[in-house]
Amino acid sequence: MNRYAYVAHFTRTAEVWVVNSVPDLVAITGGGRYREGANVTLDSTPREGVEFLGWQMPDGTVVPGPSLTVPAAGKTFVTPLWRLKGSEGYRDWISNRFSLSLQTTNDDPDNDGTPNILEYVGGTNPAFPDRAQLVHANSCILQGTQESGFLIDLNLRGNDPILRYTLQLSSDLQNWESVPLSRTATGWNIGESWLEIQSEALGDGGIWRVQVCDLRGTPHHFARLVVRFGE
Ligand SMILES: [Ca+2]
């Protein structure tokens with residue numbers, strides 16, 4: 001008579017759950033079912049405009065960094081933490097628009113070609129395609145003279161100290177000269193002798209109308225505005 005002995009091997013499984021309510025803003029890989037005791041690595045890929053802050057563990061502690069390695073044991077729930085980049089002012093501004101509250105600075109929900117950051121800077125409505133242009137160009141004449149120049153007419157937010165503005169000017173679209181444009185106690189400053197600046201506050205929402213007259217006598221004038229968040 002043959003005797004057989006059966007030995008059964010049981011492998012316990014464990015689960016690592018990622019509690020991610022915004023998969024379109026931060027993609028997480030690595031969650032799932034694993035052998036008990038295995039090392040599980042989670043990786044985060046935030047979209048542009050989103051800053052990844054770390055991982056909240058079941059006991060409430062936060063582990064910083066884009067990746068997290070945890071031993072698989074029972075059921076582990078990990079919550080990724082993130083925030084929209086940009087200033088506090090931008091985050092308040094966008095979160096006041098309920099349907100847009102998760103919009104990043106580069107999104108353009110009204111498809112008008114103006115990303116949210118520039119809608120914020122110019123004081124326009126990010127949910128309504130009003131085709132408002134941030135930069136208007138025209139000609140100008142220096143007061144009291146016959147000297148004419150190239151007028152750059154901008155609406156700029158002046159109540160967010162994190163915003164940094166640089167006006168870039170060119171006569172050939174090849175070489176650009178950068179001029180910092182900054183808020184002062186009473187108005188705006190551009191600090192170059194060949195530029196004249198005038199400004200007026202529009203309402204009380206922190207938006208200013210800023211007009212810069214470029215008095216260099218070049219045959220062509222081009223202007224562009226660079227906006228960034230400085231820390
Ligand atoms: Ca827009």
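Q: Two strands pair if DSSP finds at least two bridges between them; how many bridges join strand β1 to strand β3?
A: This is a predicted model, in which local features need pLDDT of at least 70, side-chain atom pairs count only at pLDDT 80 or more, and totals for chains, interfaces and linings use all residues. Residues are numbered from 1 along each chain as its sequence is written. Strands (E, at least two residues) and helices (H or I, at least four) are DSSP runs, numbered from the N terminus. Strands β1 (residues 13–18) and β3 (residues 32–35) run antiparallel, and the number of bridges that join them is 4.

Q: Which residue is the bridge partner of E15 in β8?
A: Towards β3, E15 stands opposite R33. Strand β1 is joined to β8 (residues 75–84) by 4 bridges, and these two strands run parallel. In β8, E15 has as its bridge partner K75.

Q: Which strands are the edge strands of the open sheet of 5 strands?
A: The pairing in this sheet is mixed, and the strand order is β3-β1-β8-β5-β6. An edge strand pairs on one side only, which holds for β3 and β6 (62–63).

Q: Which residue of β6 is the bridge partner of W55?
A: Strand β5 (residues 50–56) and β6 run antiparallel, joined by 2 bridges. Across this pairing, the bridge partner of W55 is V63.

Q: By what angle are neighbouring strands turned against each other, on average, in the open sheet of 3 strands?
A: This sheet has the order β2-β4-β7 with antiparallel pairing. Its edge strands are β2 (26–29) and β7 (67–71).

Q: Which residue of β4 does T29 stand opposite?
A: β2 and strand β4 (residues 39–46) pair in the antiparallel sense over 4 bridges. In β4, the residue opposite T29 is D43.

Q: How far apart are the C-alpha centres of domain 2 and domain 3?
A: The domain assignment, whose bounds come from an automatic or database source, gives domain 1 (13–83), domain 2 (88–122) and domain 3 (135–229). The C-alpha centres of domain 2 and domain 3 are separated by 24 Å.

Q: How many charged residues are on the side of domain 2 that touches domain 3?
A: In contact (C-beta atoms, placed from the backbone, within 7 Å) are 6 residues of domain 2 and 6 residues of domain 3. On the domain 2 side, helix α2 (residues 116–122) gives the largest share, 5 residues. By class, this side has 4 nonpolar and 2 polar residues, while the count of charged residues is none.

Q: Where does the largest nonpolar core lie, and why?
A: A nonpolar core is a set of buried Ala, Val, Leu, Ile, Met, Phe, Trp, Tyr and Cys residues joined through C-beta atoms within 7 Å. The largest has 22 residues, of which V121, L156, L167 and V210 touch the most other members. At least two residues each are supplied by α1 (88–95), α2, β10 (148–157), β11 and β15 (207–214). Because both domains give residues to this core, it lies between domain 2 and domain 3.

Q: Is L163 buried or exposed?
A: L163 is found in strand β11 (residues 163–170). Not counting residues up to four places away in sequence, L163 touches S87, V121, R157, V227 and F229. A residue is buried if 20 or more other C-beta atoms, placed from the backbone, lie within 10 Å of its own, exposed if 12 or fewer, and partly exposed in between. With 22 other C-beta atoms within 10 Å, L163 is therefore buried.

Q: What separates the C-alpha atoms of L154 and P219?
A: L154 lies in strand β10 and is buried, with 22 other C-beta atoms within 10 Å. L154 is one of the residues that V210 touches. P219 is 65 residues from L154 along the chain, and their C-alpha atoms are separated by 22 Å.

Q: In which loop does L173 lie?
A: Most residues other than glycine have a negative phi. L173 is not a glycine, yet its phi is positive, about 65°. L173 counts as exposed because it has 9 C-beta neighbours inside 10 Å. Its loop is the one between β11 and β12 (177–183).

Note on methods
Pairing = 2+ DSSP bridges. Contact = placed C-beta atoms within 7 Å. Nonpolar A, V, L, I, M, F, W, Y, C, P; charged D, E, K, R; others polar.
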